[in-house]
Amino acid sequence: MKVRTSVVFAAVASLAVAGLVTAVPSASAATLTEVTNFGNNPGGMRMHVYVPDARPANPGVVVAMHGCGGSGPGFYSGSEFAAQADRHGFIVIYPSAQQQAGFGNCFDTWSDAAKRRDGGSDPVSIISMINYVKQRYAADGNRVYATGSSSGGMMTNHMLALYPDVFKAGAAFMGVPFNCFANAADYPPGSSKCTGGGGANRTPQQWGDAVRQAYPGYTGPRPRVQLWHGTNDTLVPYALLQEEIEQWTNVFGLSQTPSSTDTPQSGWNRRRYNDSAGTTQVEAYSIQGAGHSLPGAGMAAQAIAFFGLDKPPTSTTTSTSTTTSTTTSTTTSSTTTTTTTTTPPPGACQVTSTVNAWNTGLTENLTITNTSATTINGWSLTFTLPSGQTITSGWNATYTPTSGQVTAKNVNYNAALPPNTPTTIGFQANHTGNTAKATTFSLNGTPCTTN
């Protein structure tokens with residue numbers, strides 16, 4: 001699964017952060033900055049934070065989580081949330097997961113510890129990150145939100161269930177319902193009852209009970225939920241969107257019949273589920289023809305609007321830093337981006353490959369790093385698939401043909417490869433017994449080193 005996932009709890013006492021992080025440099029405005037010693041970190045996670053130049057005195061916070069095989073910096077460069085932060089003045093936390101689960105760098109949504117509020121593992125680490133940002137930047141604890149893709153989308157649902165008192169809303173891209181995975185062995189595709197279908201076919205009441213049992217006795221407001229899924233996703237099957245809808249509508253006590261349906265733009269079919277006051281508590285997007293490749297252009301802006309963070313700040317504080325943001329220019333439904341292809345110099349490309357195989361299928365994550373000193377704008381990565389392997393779906397790139405020598409081309413939200421910033425793409429394939437890694441990589445015609 002591509003891309004990275006998470007949520008937070010407000011009941012954690014102030015961690016005496018001043019004492020814990022006195023040696024940590026403050027995050028420079030408009031620069032992605034790593035924070036160490038941010039507090040209790042049972043998941044062993046890494047934390048990066050993006051603070052825009054202009055922001056309210058008490059900015060909102062978005063926790064943005066990558067997919068399996070990814071990283072916080074990779075999701076920063078490969079999604080549009082930092083550009084939205086520049087526009088609307090909120091802070092973005094980019095956690096980096098370190099769990100393996102057969103893929104590498106997946107957010108823990110399977111262990112018993114991670115399924116219990118304050119139980120440990122990644123959820124507690126993410127809460128520590130939120131508490132750090134609240135104290136360090138006077139962030140508004142009433143405007144904390146979660147979003148993520150694939151593994152990160154799964155963690156988004158996870159965090160909303162565990163810490164409804166921390167998050168106001170969440171947007172899960174290509175996720176699964178909370179408590180879908182039985183354990184670590186149930187996580188990888190091919191062996192998973194959750195993503196394989198059998199373990200995900202539960203009643204709305206059963207799904208809703210799983211959320212209610214995550215924080216027994218909680219009677220406060222629940223975070224609003226936005227859900228996204230591609231109709232052609234086979235890695236995390238599209239059918240799981242309906243299971244997510246059933247879970248959250250049951251939690252809110254809503255009808256499973258949408259209050260309204262519409263098409264905000266071509267190929268985006270939206271269902272809204274409103275409460276008696278007319279407030280949309282759950283909304284679900286079916287992206288026609290999309291595989292495991294979300295969020296696409298304009299989707300981060302739609303999520304931020306759902307959160308309400310697109311409203312103009314009442315007051316701003318402007319940093320005196322002159323550092324230029326390295327965030328890639330993005331495309332929304334109302335703007336266009338012109339991309340000029342850059343040819344990298346010789347030896348300016350490195351590719352790291354990770355394969356997870358089962359029976360007759362496999363997934364392969366490819367992490368591309370531009371090792372030159374200049375940004376590469378517009379890219380095509382060619383590689384050779386081993387004999388017997390055929391790509392069935394992919395994420396963060398388009399793939400043609402499906403076997404033999406394949407060309408993976410960037411999608412609009414990751415057209416730029418900044419220097420020394422990993423970008424992860426990947427695909428799912430069938431195989432006839434040969435589960436070896438792809439070979440012979442070239443970026444825009446320039447051979448890449450591999451490891």
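The following questions and answers go through a predicted model of a protein chain.

Student: How are residues numbered, and which residues and atoms count in this predicted model?
Tutor: Residues are numbered from 1 along each chain as its sequence is written, and side-chain values use heavy atoms, with hydrogens and water left out. Local features need pLDDT of at least 70, side-chain atom pairs count only at pLDDT 80 or more, and totals for chains, interfaces and linings use all residues.

Student: How many helices and strands does the protein chain have?
Tutor: Helices (H or I, at least four residues) and strands (E, at least two) are DSSP runs, numbered from the N terminus. On that basis the protein chain has nine helices and 24 strands.

Student: What percentage of the residues of the protein chain count as buried?
Tutor: Buried means under 20% relative accessible area, exposed over 50%, and partly exposed in between (1.4 Å probe, protein chains only). The accessible surface of the protein chain comes to about 16,100 Å², and 48% of it belongs to carbon and sulfur atoms; such areas come from the Shrake-Rupley method with a 1.4 Å probe, and for residues only the protein chains shown count as cover. Of the 451 residues, the part that counts as buried is 58%.

Student: Among contacts between residues at least 6 apart in sequence, what percentage join residues at least 24 apart?
Tutor: A contact means heavy atoms within 4.5 Å. Among contacts in the protein chain between residues at least 6 apart, the part joining residues at least 24 apart is 75%.

Student: How far apart are the end C-alpha atoms of helix 8?
Tutor: Helix 8 covers residues 239-252, which is 14 residues.

Student: Why is helix 8 described as largely enclosed by the rest of the structure, and which residue follows with a positive phi?
Tutor: Twelve of its 14 residues are buried, so helix 8 is largely enclosed by the rest of the structure. The buried residues include L240, W248 and F252. Just after helix 8, a positive phi of about 70° is taken by G253.

Student: At what angle do helix 3 and helix 9 pack, and which word describes it?
Tutor: Axes are lines fitted to C-alpha atoms, for helices over the stretch in contact, and angles run from 0 to 180 degrees between N-to-C directions. The axes of helix 3 (residues 81-88) and helix 9 are 9 Å apart, and the angle is about 50°. The contact is made by F81, Q84 and H88 of helix 3 and A300, A301, A303 and I304 of helix 9. Angles under 35 degrees count as roughly parallel, over 145 as roughly antiparallel, 65 to 115 as roughly perpendicular and the rest as oblique, so helix 3 and helix 9 are oblique.

Student: How is helix 4 placed relative to helix 5?
Tutor: The axes of helix 4 and helix 5 (residues 151-162) come within 11 Å and cross at roughly 75°. The contact is made by D122, P123, I126 and I127 of helix 4 and M155, H158, M159 and L162 of helix 5. At that angle, helix 4 and helix 5 are roughly perpendicular.

Student: S121 has a positive phi; is this residue buried or exposed?
Tutor: S121 is in helix 4 (residues 121-137). Its phi is about 60°, although S121 is not a glycine. With a relative accessibility of 10%, S121 counts as buried.

Student: N420 also has a positive phi; is this residue buried or exposed?
Tutor: N420 is in the loop between strand 20 (416-417) and strand 21 (423-430), and its phi is near 55°. Its relative accessible area is 55%, so N420 is exposed.

Student: What separates the C-alpha atoms of A373 and P419?
Tutor: A373 lies in the loop between strand 14 (361-370) and strand 15 (376-377), and at 73% relative accessibility A373 counts as exposed. A373 and P419 are 46 residues apart along the chain, while their C-alpha atoms are separated by 5.6 Å.

Conventions:
Expected span 1.5 Å × (residues − 1).
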